[in-house]
Amino acid sequence: GALMWFDQMAIPADAPNPASTAARTLASDPVRAVAEGARILDDEAWRTLAIANGTFLREQLMRDGRVFRSWRDGHASIPGFLEDHAAVALGFLALHDLTGDAAWLDDALRLAESTVRYFWDAEAQAFFDTAHDAERLVTRPRDVTENAIPSGTSLAIELQAEVARRIGDPTAHHRAHYALSTLAMPMQRSPLAFGHLLGVAEGFIHGAPAGAICGPDGCVLPV
């Protein structure tokens with residue numbers, strides 16, 4: 001079901017139909033999943049699919065280092081939220097792992113920088129869901145809990161941890177560590193509300209998990 005849905009998301013750049021970013025940007029999660037699957041299983045069809053969708057995101061929904069939230073007739077509009085920027089950046093990192101193309105890493109790092117510039121509040125020492133230059137609301141939204149979809153905060157923390165791991169950025173490492181530590185008690189009290197973030201915390205503390213996919217014909221290593 002997930003792969004079928006992802007395949008349907010591969011809309012050509014010249015398609016006349018509008019694309020909502022909640023769907024389009026969350027396509028970055030399937031981009032990431034299919035890119036990782038293509039890399040591990042050496043599947044050319046998945047590789048092609050992941051690159052095509054990543055290219056659409058990069059060419060149609062990115063401008064000046066920011067992700068946009070809607071697209072119609074070849075035009076993107078409405079700056080994205082925290083989850084949009086972080087999810088697309090993580091998708092690009094997966095594409096870099098798959099292809100070795102440094103352009104994907106550069107775009108991911110550019111989005112990681114924008115995530116901090118527009119969504120990190122230095123005084124509160126926290127990520128917020130809306131950018132600092134977005135429409136002013138009574139309270140700036142910040143929902144750290146999650147259900148079927150990871151929260152913007154958990155994706156942003158994961159992105160900071162990945163940036164720190166890949167390029168040795170101590171500031172990104174400290175930011176990820178601090179943000180995780182502020183949510184340690186809520187995660188302990190309500191673990192079901194922090195499914196993705198708990199996985200991020202596990203990887204941050206103990207390192208990336210390793211495993212194997214095994215079947216009748218043997219195992220594929222590593223995962």
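This is a predicted model: local features need pLDDT of at least 70, side-chain atom pairs count only at pLDDT 80 or more; totals for chains, interfaces and linings use all residues.
Local features here need pLDDT of at least 70 and side-chain atom pairs count only at pLDDT 80 or more, while totals for chains, interfaces and linings use all residues. Residues are numbered from 1 along each chain as its sequence is written, and side-chain values use heavy atoms, with hydrogens and water left out.

Two packed helices are described by the angle between their axes and the distance between the axes. For helix H6 (residues 102–119) and helix H7 (residues 152–167), the axes come within 11 Å and cross at roughly 130°, which makes H6 oblique to H7 (neither under 35 degrees, over 145 nor 65 to 115, on a scale from 0 to 180 degrees between N-to-C directions). On the H6 side, Leu109, Ala112, Thr115 and Val116 meet Ala156, Leu159, Gln160, Val163 and Ile167 of H7, contact being heavy atoms within 4.5 Å. The residues of this contact divide into seven nonpolar, two polar and no charged.

The structure also holds three aromatic pairs, where rings of Phe, Tyr and Trp (its six-membered ring) pair if their centres lie within 6.5 Å. In one of them, the ring centres of Phe92 and Trp104 are 5.2 Å apart with the planes at 50°, so the pair is tilted (planes under 30 degrees apart count as stacked, over 60 as edge-to-face and the rest as tilted). This pair links distant parts of the chain, with Phe92 in helix H5 (residues 82–99) and Trp104 in helix H6, twelve residues apart. Trp120 and Phe127 form an edge-to-face pair, at 4.8 Å centre to centre and 65° between the planes. Phe92 and Trp104 are both buried (under 20% relative accessible area, with a 1.4 Å probe and protein chains only), and Trp120 and Phe127 are buried too.

Methods. Helices (H or I, at least four residues) and strands (E, at least two) are DSSP runs, numbered from the N terminus. Ala, Val, Leu, Ile, Met, Phe, Trp, Tyr, Cys and Pro count as nonpolar, Asp, Glu, Lys and Arg as charged, and the others, Gly among them, as polar. Buried means under 20% relative accessible area, exposed over 50%, partly exposed in between (1.4 Å probe, protein chains only).
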